[in-house]
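Colleague: I'm new to this one, so could you walk me through how its helices are described?

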Amino acid sequence: MSTAAEIQQAIGAARSQVRAAGDAWAVGNFQRIVEAVTFLPSAVEIVRRANELLLSASPTVRRQAQTHAAALAGEVTQLARLLDSSAAFYRGIATRVQGAGAAYDSCGLAAAPPESPRSADIEV
């Protein structure tokens, strides 16, 4: 099998894994979320191997792979949007149920909410 065919096959396999993760994802079903996540490490490994092939490939082969890589990037972006919208949904539910806004650090991870400002004692 040629390098170009190997790269194309690898990217196709990674796309398949990303699509499987998106298909398995179900916002309200934790078991399905866990199942969806199991597809992603293999997609990452496949892309890593494809990248190694690309680094040693000719410029022509790299140009040929761009279309397939762009399609993979688009599918990853769609999956990321699905995950982001799910996270936003859960943040909204938590805010509604708990009655207080959620807090996040600079990386977007959940953090302890800041303490509400207490009335400061002013000395006169």
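Modeller: Gladly! Let's begin with H1 and helix H3 (residues 40-55), which pack at about 160° with axes 9 Å apart; axes are lines fitted to C-alpha atoms, for helices over the stretch in contact, and angles run from 0 to 180 degrees between N-to-C directions. This is a predicted model, where local features need pLDDT of at least 70, side-chain atom pairs count only at pLDDT 80 or more, and totals for chains, interfaces and linings use all residues. Residues are numbered from 1 along each chain as its sequence is written, and side-chain values use heavy atoms, leaving out hydrogens and water.

Colleague: What makes H1 roughly antiparallel to H3?

Modeller: The angle is about 160°, and angles over 145 degrees count as roughly antiparallel, so H1 is roughly antiparallel to H3.

Colleague: Which residues of H1 and H3 make the contact?

Modeller: Contact means heavy atoms within 4.5 Å. Among them are Ile7, Ala14 and Val18 of H1 and Ile46, Val47 and Leu53 of H3. The residues of this contact divide into 14 nonpolar, three polar and one charged.

Colleague: Why are H1 and H2 called roughly antiparallel?

Modeller: Helix H1 (residues 3-24) and helix H2 (residues 30-38) pack at about 175°, with axes 8 Å apart. H1 and H2 are therefore roughly antiparallel to each other. Ala21, Asp23 and Ala24 of H1 meet Arg32, Glu35 and Ala36 of H2 in the contact.

Colleague: How many helices and strands does the chain have?

Modeller: The chain has four helices and two strands; helices (H or I, at least four residues) and strands (E, at least two) are DSSP runs, numbered from the N terminus.

Technical notes: Angles under 35 degrees count as roughly parallel, over 145 as roughly antiparallel, 65 to 115 as roughly perpendicular and the rest as oblique. Ala, Val, Leu, Ile, Met, Phe, Trp, Tyr, Cys and Pro count as nonpolar, Asp, Glu, Lys and Arg as charged, and the others, Gly among them, as polar.
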